[in-house]
Amino acid sequence: MHYRPLGRTGLFVSELCFGAMTFGGEGYWKNIGQQGQAEADALVGRCLDAGINFFDTANVYSYGQSEELLGKALAARRSQVVLATKVRGRMGPGQNEVGLSRYHVFDSVHASLKRLGTDHIDLLQIHGYDAATPLDETLRALDDLVRQGKVRYLGASNLAAWQLMKALGLSDHRGLSRFESLQAYYSIAGRDLERELVPLLKDQQVGLMVWSPLAGGFLSGKYRRNAEGPEGARRTTFDFPPVDRERAYNAIDVMDAVAKETGATVARVALAWLLHQPHVTTVILGAKTQAQLEDNLAATELRLSPEHLAKLDAVSRLPPEYPGWMVERQNADRLPPAR
């Protein structure tokens, strides 16, 4: 296992992070996973043995069950890991049981600490933007939690580039703890964040945590052009995140060829491609079985050749879009050649 700094911090996290969204199976989340305590214990234990020191969940996953199961699975080994959770989602029927107000943030963090069985959260992430709450109210509340020692680092998830930059600017201007990471959807079938977010992350030294690296299972190797996916697969009942299927199938065709040449699987190639991207800090695994987990773990040892990377980039590259192509053209003679 390799370890990388989280953004500009001195905190090192494993390049694979285990995501506990499949733990619980309550309500809406039943479509994603229904792992109970025994399964959670086994998966978390294997991750720890493999060197993973980064675990991610959210209070809204199965409405708290995921946090409870993950906290119990980590148990005595809690001090050996970086534990991340999120706040924003609706946790009850009340008007103030959702969002990023000081009220909801404080209540949610206190509840998460109890469910996780810990006295601090290593990385607290806002789970999206809240248009109803002033951003400075949220940032001040988060900073207070850091100063109280209940939270050590702050991150964000699912923000647009302007929202993240506005937050970073406010934090810098007011001397508040800032977002050190962004958790975002990214896969070889969905490279949208390369347009605006990746340049921002590089410029501001913000770490990137990738969620759904297999595009909700679409890149698992189970799906092929002109063939339906397997019965009971997650995509059959929960078609998310959205993908351009034709472009995704083109990428799968190339990944399949690379997999055969390297003795790997399509899923492993998809994960390895992400690990080869310099702007990626960690890739979040959503494995539900030991077999899936073992294949995912093997991605850290898969070294793709320059030729393989070139083929994968060519088939999945985003089409040019303004103003990106204009910026690139105007700066062609101002930047040193890529090495």
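Modeller: The second largest pocket holds about 900 Å³ of space. A pocket here is worked out on a 1 Å grid over the protein atoms alone, as an open set of points with protein on both sides within 12 Å along at least five of seven lines, and a lining residue has an atom within 4 Å of a point. Grid points are joined across faces, edges and corners, and the volume is the space filled by probe spheres set on the points. Bear in mind that this is a predicted model, where local features need pLDDT of at least 70 and side-chain atom pairs count only at pLDDT 80 or more, while totals for chains, interfaces and linings use all residues. Residues are numbered from 1 along each chain as its sequence is written, and side-chain values use heavy atoms, with hydrogens and water left out.

Back to the pocket: 22 residues line it, and those closest to its centre are Glu194, Arg195, Pro199, Gly324 and Glu328. Two elements give two or more residues to this lining, α6 (197-204) and α12 (324-330). Of these, α12 gives the most, with four residues. (Helices are DSSP runs of H or I with at least four residues, strands are runs of E with at least two, and both are numbered from the N terminus.) By type, the lining has ten nonpolar, nine charged and three polar residues.

A cavity is a set of grid points where a 1.4 Å probe fits but cannot get out, and the structure has two of 30 Å³ or more. The largest has about 40 Å³, and its lining is Ile188, Ala189, Gly190, Arg191, Arg247, Ala248, Ala251, Val315 and Ser316.

Around it sit Leu100, Ile126, Tyr129, Asp130, Thr133, Pro134, Leu135 and Thr138, of which five are nonpolar, two polar and one charged.

Now zoom out. The chain has twelve helices and ten strands, and its C-alpha trace spans about 50 × 50 × 35 Å along the principal axes. Its radius of gyration, taken over C-alpha atoms, is 20 Å, which agrees with the value near 20 Å for a compact globule of 339 residues; the globule rule is 2.2 Å times the number of residues to the power 0.38. Buried residues make up 53% of the chain, where buried means under 20% relative accessible area, exposed over 50% and partly exposed in between, using a 1.4 Å probe and protein chains only. Among contacts (heavy atoms within 4.5 Å) between residues at least 6 apart in sequence, 78% join residues at least 24 apart.

As for cysteines, there are zero disulfides, a disulfide being a pair of cysteine sulfur atoms within 2.5 Å. Cysteine 17 is in none, and the nearest cysteine sulfur, that of cysteine 47, is 9.0 Å away. Cysteine 17 counts as buried because its relative accessibility is 0%, and cysteine 47 counts as buried because its value is 0% too.

Key:
Nonpolar A, V, L, I, M, F, W, Y, C, P; charged D, E, K, R; others polar.
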